[in-house]
Amino acid sequence: MNVVIVESPAKAKTINKYLGSDYEVLASYGHVRDLPAKDGSVRPDEDFAMDWEIDGKGAKRLADIARAVKGAKRVILATDPDREGEAISWHVLQVLKDKRAIKDQTVERVVFNAITKQAVLEAMKNPRQIDVPLVDAYLARRALDYLVGFNLSPVLWRKLPGAKSAGRVQSVALRLICDREAEIERFLPQEYWSILVRLATPKADEFDARVVGFSGAKLGPRDVKNGGEASRIEALLKGASYSVASIEAKPVRRNPYPPFTTSTLQQSASYALGLSAARTMQVAQRLYEGVDLGGESIGLITYMRTDGVDIAPEAIAGIRKVIAEDFGDKYLPEKPRHYTAKAKNAQEAHEAIRPTDLSRRPKDVARFLEPEQAKLYELVWKRTVASQMESAVMERTTVEIVASKGAERADLRAVGSVVRFPGFLALLAEGRDDEEDEENRRLPAMAAKDPLSEKKITTDQHFTEPPPRYTEATLVKKMEELGIGRPSTYAATLQVLRDRNYVVLDKRRLIPDDRGRLVTAFLQSFFSRYVEYDFTADLEESLDKVSNGELPWRDVLRVFWEQFSASLAETKELRMTDVIEAINTLLGDHIFPARADGGDPRICPTCGTGKLSLKLGKFGSFVGCSNYPECRYTRQLAANGIEAEETAAIGGDGVKVLGTDPETGLEVSLRAGRFGPYVQLGEGEKPKRASLPKGWDAATLDLEAALKLLGLPREVGVHPETGKPITANIGRFGPYLQHDGAYANLASVEEVFEVGINRAVAVIAEKKARAGGGRGTPAALKELGEHPILAGPVKVMPGKYGPYVAHAGVNATLPKSMDPLAVTMEIAVALLAERAAKAPAKPVRGAKAPARSAAKPAAKAVKTAKTAKAKVDPADDSDPFPAAEAAAKSPAKTAKTPSTKPAAKAAVPKAAGAAKTGAKVAAKPKKAAG
């Protein structure tokens, strides 16, 4: 028997069909071991010796693999063809050797870029040994991430309360986002004017021309600075004589784009399909590992983690055949196109991402795929085919025009283009972009010296705009350009930034949060070298040399550690006041925005003598007065672009007077607080306050709206049945009604102020009926339909601890990174099956319950593991306590005879020991999700 080891069960299922009965294909389910999340896992003093730990789930899978390997003649490691795949194979082999499962068996490593029968069988004929330099590069990266995370993160926790972690790539990506936000804040808009003239030819065909010169001086797009200059030019143009000075027409060739790499696929999927980087990789993984096409499981695309842009010769031949069949020979270049990557540090070790068989056209496979899969496959197919098509040929026409009036003269220019041969554009429709560009239009026929007549003059005022905030797609592009990290890790890095609440995503734009900006400012102040773009890129270059066998991996670590440990030592005597002052200086424009009256932005607006400064509190950072506790003035930081606009609307001093309350005569003011804008009635020790509801604009808030907020809770009336009052209010989770200790949600904030007694009674009655007198069942986020095997509907539900899938009393929590609306029936069934397999056996009727004394230590062990995870979370893209978290989420393993007390007692030391090692912890079963 030959045992083949791969990463995923989906890949194992597909490959098993290709190899036949002489092969057993087993899945390791990704990485099987990692560095323990504790001090000493990487020891620089021992030449960077590293300890490895197997997680709870990995231990069982490795035991199954070891049993199969012991009876095998040949062991084939067939993990993915990249650094991570090589590392998984290396880890599996090391564990098998430790278990003495490897004796005289032949051990081979095979790689294939596509999961097709031909590719797999060909790989089996050409085995090799594990690529040691590639493993060395993995070890260096993992050690670097550990050394940065486990040494830098504790410094952050001590010196910057509220900070969660720092990482080798994560922190540099965060700096890019923060630097862009600072650039936007510093930006000063500049006024400029555009002047467009509608002209007509002798045949009355109309077109537009722009002014490009005036009185002998050339004018660029932004050279007309004010309305006065625009008016002088407009005065000349009115009544001027227009004629064609010259016409130039020349052909322009536009070449197709290269096929997709990991980063360009993520960018295009974001632009074209609206998919996040993480979601793109999830869908691509499914297409790579295999999809059922009418009873046959086939990988539809090649490996999706690559920075190479070349394509195998046999695949190019298939592409050229498709082009000839679908478009004709004139769309086929004389020779195949060959591309080289332009990104810094590109390795180009693998092919570009392409369909495994170009004859599988998108329309033919769409019925077998989920909507996102079909769209992504079509995107890959079109990009691949287009990359080998003929160039598009345009004719670009430039018409120079003279407008003269006496001795004065102005120059105008009209530009247009016509597609003479569409080439690859016949496949890649880009009409929307072309229509928005005024140069991509057809100009009417005209000749030199033709007179033209003016029909309309349009002068428009414009202001320059700041650079846009990064989207996931543009950040990925920038990171690749700078050589920061590897494209295969970008999706995970972006997810870490969001999970740490370092950035928020608003309208697909990445905006740094308070915490993210403070962490970046701290690192720039005290660890500047390690968030420099060039340093990170140079380190990646060194790691690539390790991959190529050009540099020993420990040499890279020695150079890094020597400098990094010295920087760590310098922070030991660092005082909190030094940290605060450094951040005050670096983020001064952000923390202390300019006042409208031109006064000192750091003078306290309440007491007038204190100095404002950053404060680090238990619940985050805020701005406070130096005269505390005599002066209790506080406000939030302008945490991101949204809140910055709110703060600007209130004013630099954080207080805007709206008017006077007619009932009390007290002043009503709008203020910037630690947790957002709020309204306040009067002054004093405990004045009445009310936060602005979500969606309310601080810039447009008036006295009437403020008084409505301060008047809450509002009594709607008396319930006709109970005689008790019904009140409307806005709470932490939105607008609601309250009656006799029960609560019912309202549809909108506006309804709090408008709802009448009849509507209120109806809403409460509906809530009571829905809840059956108790707690209500929330509406499903998504109905997936009937379970394909078992009876009953499958739904995606909202829960207290996050969304989950539910079927027939079984609830399975969704992974944190998974979009609940993107869950498919296949994903739900797999999660439910896994959850059902973990569920504890139901105790036999009449059997004694397990001893409470046994359950408590096990629960305590879970709590200990959770606490440790909360304190230690330094890794760049990985979770330090994955096993502990899994244990905390999963129910205890139940003994076959749970009624016996000795069995319960025996579980106690086992649970405690498991918590210490990070292995699976036996715990009291938790309540189902939701």
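Two strands are taken to pair if DSSP finds at least two bridges between them, and strands (E, at least two residues) and helices (H or I, at least four) are DSSP runs numbered from the N terminus. The structure is a predicted model, in which local features need pLDDT of at least 70, side-chain atom pairs count only at pLDDT 80 or more, and totals for chains, interfaces and linings use all residues. Residues are numbered from 1 along each chain as its sequence is written, and side-chain values use heavy atoms, with hydrogens and water left out.

An open sheet of 4 strands shows parallel pairing in the order β2-β1-β7-β8. Because β2 (23-27) and β8 (106-109) stand at the edges with a single partner strand each, one side of each is left without a neighbour in the sheet. Within this sheet, β7 (residues 74-77) is joined to β8 in the parallel sense by 4 bridges, and I76 has E108 of β8 as its bridge partner.

Strand β9 (residues 191-200) pairs with β10 in the antiparallel sense over 5 bridges, and L199 has F207 of β10 as its bridge partner. These two strands, β9 and β10, form a hairpin with 5 residues between them, and A204 in the turn has a positive phi of about 75°. Strand β10 also runs antiparallel to β16 (residues 408-421), to which 4 bridges join it, with V211 standing opposite L412 of β16.
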